[in-house]
Each structure stands twice: as structure tokens, then as C-alpha cells.
Amino acid sequence: MKAKKTALTQGFIRCHDCGCLSKQAGKNRLCPLCGGRLHPRVPNSFQRTAALLLSAFCLYIPANIFPIMTITSLGVGEPHTIIGGIMALINGNMVPIALLVLVASILVPLLKLLGISLLLLNVHYRWQGRAKKWTILYRIIAFVGRWSMLDIFMISILVSLVDMGDVAQVIAGPAATAFAAVVVLTMFAAKNFDPRLLWDNQR
Amino acid sequence: MTQTHFTACPECDLLLNPGAPVVGDKAHCPRCGYLLQRPRKQSIERTFALSIAGLILIFPANLMPLVGLKMLGNTKDGTLWSGVVALFEEQLWGVAILVFLSSIIFPLLNIILSLLISAHLYFNKPNHYLAHWMRWLQHLDEWAMLEVYMLGIIVACVKLSATSELKFGFGLYAFVALLIVTGMLTSSLDKVLFWRKIGQLRK
């Protein structure tokens, strides 16, 4: 394949916010259209993404081993982890909803953590070829990111509705904070990853 | 500092001759397939109208009860706000703030910013802050998670329906309507057109 001309090799910088393309010299370049700061690539994209990803990996462990909520009925508390909650749904013959929660709170975070790791490895080791497929992987990761918040919103609704003292109560557990942090950190990681790095390495 | 008539793909940095897609067309990047522009019919007018509709709907959706839970003769109503308060009372400040921002503040800001920008463009009024508003709007977009919240409501209701009686409030209907309006708002807003208009108003 013949190498195509990119904006960077021709000395142009695309404004990250408004998309205006301009040619400028010197440091502290500002966009002529919207006045935003110009960077040829997201600054320190690799390092920022890697740092956020590493924090997300660390928090993923407490998010899965600690209880995400405790359901108390008639004074007897029953802590649920994320997987425990899915098992309870399957036992209660609510398989479609169990699948939905499985996808949103187990598969999507795993896909994001592993997918962003692969993208970083790709950039670091300059893997050749199939840049378009990798870009599509990046798009999927950026798109599905927010749907993992499902579990957090569900807990917020359950906690506020089921509040009958000793009779029945739902209490959110420590894993909720860790899980929410995983979702936010991976969203920021995806936002800081610059897909143009995948194309810059192609020869 | 020179501006150019070229454009560049935001995801692979390929230097492109700008096309002039008309309504119904989709402009894709020839190298990575990124959707560059998708012109919408009467983008500014529709964004203006839909953001007014959204601003009206956001009040009942926030203030009226979404779902009520009947238990032992008591009815407990849940609103967007009561979920935040319940999480706060259980000392999960981080999660409470995250839910507050992504389900109440960001959707509201999103609608207000769309309204401000489209109103200025519709009446051809230049404003120094237009570029700032547009930039905030683009960054806030993915953090307003009403559709994910809706899924959370559904999962929570299915979980509760096995053991208790649920009552759907008027707020839920307003919430669903708001969801549809914000979805249409996002798809009617043509960013390329909006930035071009903002640039023209500056001159």
C-alpha cells in the first residue's frame, strides 16, 4: 500500500475540538477558529492511557471480590458480589435480565480493560497492518464504556426504594465505589487514547 | 499562521479534500471509515426546538416519582434525586456524586448548552462564548447517561417485581419522553455545520 499523506506529515494540525485544520509554527499554538490549544496528537496519550488503565486494573479486583450490595430481609443480611447478583437473577428465573447485567458489568469492563491493553501494546510494539480493524476496536471500546454504569444506577434505585428498616433494606457495599471508579477510569483511558497513533506507526 | 481548505480525519489524520455532503449523505473517511459528517435536515432549527422540549420535560422527569414500591401497606416513591440522597446517607459519597452528575447535572447542562448555541445560531447573534459552549457540549456529551439510567430502572424493577408490587409514576413517562428528545437532539446536531456557523459569526 502506498503511504498516504497525513495532516501531520504535511505540517498541519487539526484542532481537537472544532476540527479546524491550520499550519502554524512555534509553541503555544492556538486554533484560529475556536481559540483552543492545538496539539498534533493528544499530549502524552500513551502514558496517560497506561496510567489510567493500570489504576482501573487494580480497582477491578476489589470491585469483584467485595459485596456490591447487601440485601437485608427480616433482619438477616445477605451480601451480594457482582457475580452473586447475576447468580441470584438466574436462580430467580430471570435469565434475560441476568444476561444483560452479565454483559454490562462483567463482559464490558473486561473488554475495555483487555482491549485498551491491546491497543497500547499495538502502539508500543508498532504492530504492522490491519490498522483499520484496530481503529474499529477503539471505537467499540469508546462506545460501550458508559453502559457499565448500569449496575451503579440500579443500586442507586434499589437503595432508595427498598428502605423499610429491619423488614427489608438494601445497603450498597464497598465494591460499588471501586466498580464506579473502574468505569470512570476506563472511560478516561479511552478518551485519552489517540487512535491516530495506530496509523502513525504503519509503514 | 495559515488556515487551509483541507480537512483531516480525526481518527487517522488522513489529509482530505473536504466534500460537500447534502442531507441524506454520509461522509466517511476513505482510509479508516470514520463518519466525518452526516448533514441533517434543518439541523439548527430542530436542535433549537428539541432543546426547548427537553428543558420542559426535564422538570417533571426530575421532580415527579419514577417508580413507587408498595410494601406492607406503605408506598415509597423513587425519584432521580432520592437515589442520590440514599447513596449519600450510606456514606458512598463518590458514587453519589457520580450518579448526581451523570443523571441530573450533565443532562441538564447538555440541554441548556444546546439551547444557548442553537438559539444564537438561529438568530445569527454572535457571542464570544459560543466556541466555549460548543467545546463543553462536546466533552459533556458522553457523560450524560440517561439511557443507561433507563436500563438501570428496568433491571431494578424486574428484580423487585418478584417480591413486591410496583407502581409507575408520571415521572417515568416524562423520563422516557426526555430520553427520546435527547436522543433526537444528539442526532440532529450537526457538529461540522455548527462549528462552521460559529466561525462565520466570529468574522
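Biologist: How many residues does the largest nonpolar core have?
Modeller: Keep in mind that this is a predicted model. In soluble globular proteins, nonpolar side chains tend to be buried together. Here the residues with the most contacts inside the largest core are A:Leu158, A:Ala176, A:Phe179, A:Val182 and B:Val95. In total, that core has 112 residues.

Biologist: Which helix of chain A gives the most to this core?
Modeller: Look at residues 174–192 of chain A, a stretch that puts 13 residues into the core. A:Ala176, A:Phe179 and A:Val182 are among the residues with the most contacts there. The helix that gives the most is H6 of chain A.

Biologist: Which residues does A:Phe179 touch, if I leave out those up to four places away in sequence?
Modeller: A:Phe179 is one of the residues with the most contacts inside the core. Once the sequence neighbours up to four places away are set aside, its partners are A:Ala63, A:Ile68, A:Asp151 and A:Ile152.

Biologist: Let's turn to where the chains meet. Which element gives the most to the side of chain A that touches chain B?
Modeller: In this contact, 55 residues of chain A meet 53 residues of chain B. Several elements of chain A each supply at least two residues, including strand E1 (12–14), helix H3 (95–125), helix H4 (131–144) and helix H7 (196–200). One element gives the most, with 10 residues, and that is H5(A).

Biologist: What is the bridge partner of A:Met69 in E4(A)?
Modeller: Strand E3 of chain A covers residues 69–73 and pairs with E4(A) in the antiparallel sense over five bridges. In E4(A), A:Met69 finds its bridge partner in A:His80.

Biologist: Now for overall shape: what radius of gyration does chain A have?
Modeller: Along its principal axes, the C-alpha trace of chain A spans about 70 × 35 × 25 Å. A compact globule of 203 residues would come out near 17 Å, but chain A has 22 Å.

Biologist: And why is chain B called more spread out than a compact globule?
Modeller: Chain B contains seven helices and eight strands. For its 203 residues the globule rule gives 17 Å, and chain B is well over that, so it is more spread out than a compact globule, with a radius of gyration of 21 Å.

Biologist: How far apart are the centres of the two domains of chain B?
Modeller: Chain B is divided into domain 1, residues 1–39, and domain 2, residues 41–202. Taken over C-alpha atoms, their centres are separated by 30 Å.

Biologist: One last thing: what share of the residues in chain B is buried?
Modeller: Counting as buried any residue with 20 or more other C-beta atoms within 10 Å of its own, chain A comes to 42% of its 203 residues. For the 203 residues of chain B, the share is 37%.

Technical notes
Residues are numbered from 1 along each chain as its sequence is written. Chains are lettered from A and ligands numbered from 1 in the order in which they are written. This is a predicted model: local features need pLDDT of at least 70, side-chain atom pairs count only at pLDDT 80 or more; totals for chains, interfaces and linings use all residues. Helices (H or I, at least four residues) and strands (E, at least two) are DSSP runs, numbered from the N terminus. The radius of gyration is taken over C-alpha atoms; the globule rule is 2.2 Å times the number of residues to the power 0.38. A residue is buried if 20 or more other C-beta atoms lie within 10 Å of its own, exposed if 12 or fewer, and partly exposed in between; C-beta atoms are placed from the backbone. A nonpolar core is a set of buried Ala, Val, Leu, Ile, Met, Phe, Trp, Tyr and Cys residues joined through C-beta atoms within 7 Å. Two residues are in contact if their C-beta atoms, placed from the backbone, lie within 7 Å. Domain bounds come from an automatic or database domain assignment. Two strands pair if DSSP finds at least two bridges between them.
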